[in-house]
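Sequence and structure come first.

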Amino acid sequence: MSLPRWRAPLSRPLRTLPSHHQFHHQFQSHHQFHHQFHHQFHHQFHHQFHHQFHGQRPSTLLGKVKTPSRAWAPLFQSPIPSADVLQSRFPVKRALFLLALGVAGYYFLDLDLDLDITDEVQPECLHFYKSLDEVRQNDSGLVPLTDIHAEYILYSQAFAMTEKDARQYNIPLTHIGSLPSNPMPEDTLAIGTAPGPKEEPWNFWAVCDGHAGPTTSMLLQRILIPYVSSMLATWESNPSSSSPTDLIAEAFIRADSFIMESAQRRASWLPVGSAETMVNLLPAMSGSCALLAAFDPQTSILRVACTGDSRAVLGRWDPQEQKYMAEPLSIDQTGFNSSEVSRITAEHPDEPDILDPKTGRLLGMAVTRAFGDHRWKWSEELIKEVQYKFWGPPPRPHYKTPPYMTAEPVVTETKINRENTNGEKADFLILASDGLWDKISSEHAVECVQQWLEAKVRGNGSVFNDPHLSKGLVSRPTNLEYDVETKTYPTWKAEPKYFAIQDENAGVCLVRNAIGGNRRELVRLVMTAQGPHKRNLVDDITVLVVFFDRVEEDGKQVEKKKSWFSGSLGGKISGMASLAGSKE
């Protein structure tokens, strides 16, 4: 329902104003009523106040209000020369002002309080036509998204940090791109600076890829970095007992234990229909992968913790090859990972069929480590109790010796190069959910960011000003194949020949190229798909690109590149609109 609307009465003339005599008569009547009300109110109020609070200082009852006058002194037992007293005078000026405002509103304004159906129902639901011509005019067919709409969606959830942001929050420059696929997006991300060992500031980035609902990833978005920061702070008390790497892994385990134990405790003890149990059960019944990067600026050591199949890739400059090379900082934890197969086989030696070698799935799950996922961790009896007590899903088939999954991460350490001297270039980091890696390899993702950096240099700090910006983009999908007999959907992969380097945001640049690049019709196809059907084309995509170049206080990078550009969404869309128009 919309709010009442003020509008001028355009459909009828203004009401005739009252004559001077009528207005004077009305005002005199009002003045007489006001004088009588004022006298009666004061007399009754002071009489009751005097008897009820006789002998008490009003400042101890309802607060202090100073007055310079002694006119109120007779109300009390004895005069109080500079007492704190209550004021109860009728607000004459305020009442007259409101009266005048009401009269003016009555004669000059028309307040429309009569809301009709058009104020309460979405316009698409209403079909009131006066003629067949109006019906035919409204019979417009469905059309795909335009280029400008596709650009808006690409940038609507994007963010490019400025150098000012980086200095203010003491964190390397970060670009974020995101494309939801599920009706309720299951990807979340987190970024921040928090205390590490000895309470020194560390930088954190996290990508959480949920499954079977977004509740686990949404909870991890809130608690994962605080859990890791709190654990790292304990290293100061006894640094020889464990390393920061071990503490990060322990934080992951404790976060998952919090999720699972909170749900299990309430499911076992609280009655059926408990809302408190449901809100704690949801993060345990759904699940999430988690990828976290923790950077110590003092030592330039980057630690990456991976639970699941989100991936971290480092772009490192090779002086001999004169290009950036991809260095994996995590390995996807699925049934295709030989280390994971060996671990699970050792833990469940009498269950050779729990891993499907064709799909890499563990009892139907695409990953072998995750947060939540009670049906891979709890006993079958408890799963059934939750199923019938709180409408949960049933146990997995062939469920014998849980737990089958863990949230314990694999943590790697890497020394980061932040300098742009002696033929070296600073490293950059790509963190992304599997939605990106389904469509582009690690090597091609690093090459894409390298091309983006080169375009930015050629454009004096702006990709839009790159003189090599491609003009001849193909308008139809190419090299898409399908097979009905083998039930194979059309699919594609991002390759350098299809790269479109046209975005100021490196995260958006990676998302664009993952869904088609310069194959603009393919990009529009992906963006046009809606609801559950879109999940057949792409998964949720979340990308963070972190640039480890040092930023000086004057806002210039050490190698004195142009400052990173970060315009408003409107500016980006306007630029892309003009760019799209030039390519038709």
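## Confidence

Over residues 1–31 of this predicted model, pLDDT (the predictor's confidence in each residue, from 0 to 100) stays under 50. For residues 1–31 the model has 31 contacts beyond four places in sequence, a contact being heavy atoms within 4.5 Å. The pLDDT is also below 50 over residues 558–584, a stretch with 54 contacts beyond near neighbours in sequence. The mean pLDDT of the chain is 81, and 73% of the residues reach 70 or more.

Residues are numbered from 1 along each chain as its sequence is written, and side-chain values use heavy atoms, with hydrogens and water left out. As the model is predicted, local features need pLDDT of at least 70 and side-chain atom pairs count only at pLDDT 80 or more, while totals for chains, interfaces and linings use all residues.

## Overall make-up

The chain holds 16 helices and 16 strands. These are DSSP runs numbered from the N terminus (helices: H or I, at least four residues; strands: E, at least two). Of the 584 residues in the chain, 44% are buried; buried means under 20% relative accessible area, exposed over 50%, and partly exposed in between, with a 1.4 Å probe and protein chains only. Among contacts with a separation of 6 or more, 69% join residues 24 or more positions apart.

## Helix packing

Two packed helices are described by the angle between their axes and the distance between the axes. Axes are lines fitted to C-alpha atoms, for helices over the stretch in contact, and angles run from 0 to 180 degrees between N-to-C directions.

Helix H4 (residues 147–156) packs on helix H14 (residues 520–528) at about 65°, with the axes 10 Å apart. The crossing of H4 and H14 is left-handed, that is, the near helix is turned anticlockwise from the far one by less than a right angle (right-handed if clockwise). H4 contributes Asp147, Ala150, Ile153 and Leu154, and H14 contributes Arg520, Arg524 and Met527. The residues of this contact are four nonpolar, no polar and three charged, where Ala, Val, Leu, Ile, Met, Phe, Trp, Tyr, Cys and Pro count as nonpolar, Asp, Glu, Lys and Arg as charged, and the others, Gly among them, as polar.

The axes of H7 (residues 244–269) and H10 come within 11 Å and cross at roughly 65°, and this crossing is left-handed. Gln264, Ala267 and Ser268 of H7 meet Leu382, Glu385, Val386 and Lys389 of H10. The H7 and H10 contact has three nonpolar, two polar and two charged residues.

Lys377 lies in the loop between strand S11 (371–372) and helix H10 (380–389). Lys377 counts as buried because its relative accessible area is 13%. Its side chain reaches the backbone oxygen of Gly372 at 2.9 Å. Residues touching Lys377 include Asp256, Met260, Tyr399 and Met405.

Asn513, in helix H13 (residues 506–514), is buried at 1% relative accessibility. The Asn513 side chain reaches the backbone nitrogen of Ala500 at 2.6 Å. Beyond neighbours within four places in sequence, Asn513 is in contact with Cys448, Ala494, Tyr498, Phe499, Ala500 and Ile501.

## Leu314

Leu314 sits in strand S9 (residues 311–318) and is buried, at 0% relative accessibility. Its C-alpha atom is separated by 6.7 Å from that of Leu329, 15 residues apart along the chain. Leu314 touches residues including Met325, Leu329, Ile416, Phe428, Val446 and Phe548.

Notes: A polar contact is a pair of N or O atoms within 3.5 Å; within protein, one must be able to donate a hydrogen and the other to accept it, and residues adjacent in sequence count only if both atoms are side-chain atoms.
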